[in-house]
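Here is a walk through one protein structure, taken a part at a time. The text begins with the spaces inside and then turns to a pair of helices.

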Amino acid sequence: MQKNRTPNYNYQNHLSDSQNFLTDRRLIRQIIRLARLAKTDTVLEIGTGKGHLTEALCRESGSVYSVEIDRKLFDYARAKLSHLDNLKLVFGDFLNYPLPQKGGYKVFSNIPFFITSQIVEKLTQTPNPPEDIWIIMEKGAVMRFLGLPRESEKSLLLKTGWDMEILYYFRREDFHPMPHTSPVLVHFSRKEKPDLMRRDFPSYRKFIRYSMKYGIWGRQGLLTKRQAFAALKQAGLPPAHEDGVTLYIQWLCLFRCWRRIHKQ
């Protein structure tokens, strides 16, 4: 286990100012039940806050590791939750916190919205990712991860290894201070068998970035229009649209076609 770096306090103040707390015990119990946690589960929480969610997680799971960057909140939670023998509180910055290198674990958290992308990237791209992730985040961010209304680089990369769905729609009044946008609880479920081997992921990412910038086919495209249409037709998929509205499964098919041609 690596030694945690002392949090940067300018960053810490930004986190404190952007945190939206969920304290309704009935609502907390309701959303945790959606995760169906078991006493055999190890759960990682990002941001202990005032400990309301932490305490409920400890009741439902076997052990909880909760990381808090704010010293005042950390000290408050440590005193409030001292009776919980299955809780390990960690003072530090989650973005510098070493995730488990082996063994299974799950994540359930109400995260600071302004670092959503960094947190999701860290959790989903680590060599030993969680089995399941439940995160409260802004609805707009979730739409981008889901690829709605159209696929993005983030959504196309995530979907190779994860299924995603919105489990719960909150009211803004459920939080204090009240957020400016509507939060939701989203579930990231790790696929038992990823759509791509780990060794192919860098090439896939390069293919996506290049094709989104220059087009899948055309003068600078990586495929000809004939190659793209033939690959999709052979796979039983609809043709890709000229305006760029292309489904994840079509992107995956076209990448495999390009890789096959490239290797010849």
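This is a predicted model. The structure contains three cavities of 30 Å³ or more. The second largest cavity holds about 110 Å³ of space. Its lining is made up of 14 residues, and those closest to the centre are Phe 21, Leu 22, Thr 48, Leu 53 and Asn 110. Sorted by class, the lining of this second largest cavity has nine polar, three nonpolar and two charged residues.

Two elements each give at least two residues to that lining: strand S1, residues 21–22, and helix H3, residues 52–60. Helix H3 is largely enclosed by the rest of the structure, because seven of its nine residues are buried. The buried residues of H3 are His 52, Leu 53, Thr 54, Glu 55, Ala 56, Leu 57 and Cys 58.

The next part concerns two helices further along the chain. Two packed helices are described by the angle between their axes and by the distance between the axes. Helix H8, residues 201–214, packs against helix H10, residues 248–263, at an angle of about 110°, and the axes lie 10 Å apart. Angles of 65 to 115 degrees count as roughly perpendicular, so H8 is roughly perpendicular to H10.

On the H8 side, the contact is formed by Ser 203, Tyr 204, Phe 207, Ile 208, Ser 211 and Met 212. These meet Tyr 248, Trp 251, Leu 252, Leu 254, Phe 255 and Trp 258 in H10. Of the residues in this contact of H8 with H10, 10 are nonpolar, two are polar and none is charged.

Definitions and conventions: Residues numbered from 1 in each chain as written. Predicted model: local features only at pLDDT ≥ 70, side-chain atom pairs only at ≥ 80, totals over all residues. Heavy atoms only, no water. Axes fitted to C-alpha atoms, helices over the stretch in contact; angles between N-to-C directions. Helix = DSSP H or I, 4+ residues; strand = E, 2+ residues; numbered from the N terminus. Parallel < 35°, antiparallel > 145°, perpendicular 65-115°, else oblique. Contact = heavy atoms within 4.5 Å. Nonpolar A, V, L, I, M, F, W, Y, C, P; charged D, E, K, R; others polar. 1 Å grid on protein atoms, 1.4 Å probe; cavity = no way out; pocket = protein on both sides within 12 Å on 5 of 7 lines; lining within 4 Å. Points joined across faces, edges and corners; volume = space filled by probe spheres on them. Buried < 20%, exposed > 50% of the residue type's maximum accessible area, 1.4 Å probe, protein only.
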